Amino acid sequence: MPSKDIEYNKEYWNTFYGKFERHTPSQFCVSVLTDLHAKSVVVELGSGNGRDSHYFASQGFITFALDLSTKAIESSLAYAEAQGVHHSLFVQGDLTKEEDIGQIIAMAREKSGSGQLVFYSRFVMHSIDDDQQKDFLDALSIHFMDGDLAYFEFRSKEDAQLDKHYGGHYRRYVDTREFEAALQSTVGLDIEYSITGRGMARFKEEDPFVSRIIARKGA
């Protein structure tokens with residue numbers, strides 16, 4: 001497993017998303033979509049080339065997305081313009097930095113009639129290390145409001161020994177129970193749903209172990 005070197009991994013993802021052209025939504029995105037209130041405003045943290053944000057937007061949801069990769073954001077913006085979607089916004093930024101998180105959340109709250117937001121993060125938590133996860137949750141805790149909802153999907157610790165379709169970049173296999181505890185203690189979230197298993201994120205020959213979590217703050 002490559003070490004967690006931010007510049008190395010940033011270059012990896014810039015190269016990856018410079019070539020990656022898949023715009024079909026993930027299985028997780030489609031499952032979340034069926035759960036959303038019609039007027040939800042979605043904030044995707046770690047959006048890649050925007051495939052899931054594009055789908056949320058295509059179904060009428062105002063969507064804000066943040067990603068570290070400049071190439072990913074450029075691709076997302078170009079695709080949204082080509083599709084004529086005008087209620088999504090893609091911003092380059094670091095989800096471990098409070099100012100970057102705060103900026104995109106503030107913009108999203110302005111568009112939300114209730115002020116409440118839906119946070120969405122797929123296959124991101126296992127791509128950051130323990131210190132970065134702490135910084136991310138600390139930042140999120142500052143800006144999370146009562147009524148906000150969060151959806152996470154990530155590779156769990158059970159996936160560590162399985163073969164991967166894509167290699168060459170850092171992965172941290174998340175202890176799901178520890179992550180749930182951190183959501184509760186750091187952000188103040190209640191875990192509404194949690195499942196770990198296979199068959200939920202199949203891709204070509206790979207069928208990883210993943211965890212899916214739904215968590216909410218307050219009523």
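Trainee: In which handedness of crossing does H5 pass H6?

Mentor: The model discussed here is predicted. A crossing counts as right-handed if the near helix is turned clockwise from the far one by less than a right angle. For H5 passing H6, the crossing is right-handed.

Trainee: At what angle do H5 and helix H6 pack, and how far apart are their axes?

Mentor: Two packed helices are described by the angle between their axes and the distance between the axes. Here H5 and helix H6 (residues 130–143) pack at about 35°, and their axes lie 9 Å apart.

Trainee: How many nonpolar, polar and charged residues does the contact of H5 with H6 have?

Mentor: H5 contributes Glu98, Ile101, Gly102, Ile105 and Arg109. From H6 come Phe136, Ala139, Leu140, Ile142 and His143. Gly is counted as polar. By class, the contact has six nonpolar, two polar and two charged residues.

Trainee: What is the order of the strands in the open sheet, and which are the edge strands?

Mentor: The sheet has seven strands with mixed pairing, in the order S3-S2-S1-S4-S5-S7-S6. Pairing on one side only marks the edge strands, S3 (88–92) and S6 (190–197).

Trainee: Which strands does helix H5 touch as it packs on the sheet?

Mentor: Helix H5 spans residues 98–111, and its direction makes about 175° with that of S2. The strands touched by H5 are S1 (41–45), S2 (62–67), S3 and S4.

Trainee: Which residue in S5 stands opposite Ser121?

Mentor: Strand S4 (residues 118–122) and strand S5 (residues 149–155) pair in the parallel sense over five bridges. Opposite Ser121 stands Phe152.

How values were computed
Residues are numbered from 1 along each chain as its sequence is written. This is a predicted model: local features need pLDDT of at least 70, side-chain atom pairs count only at pLDDT 80 or more; totals for chains, interfaces and linings use all residues. Side-chain values use heavy atoms; hydrogens and water are left out. Two strands pair if DSSP finds at least two bridges between them. Helices (H or I, at least four residues) and strands (E, at least two) are DSSP runs, numbered from the N terminus. Contact means heavy atoms within 4.5 Å. Axes are lines fitted to C-alpha atoms, for helices over the stretch in contact, and angles run from 0 to 180 degrees between N-to-C directions.
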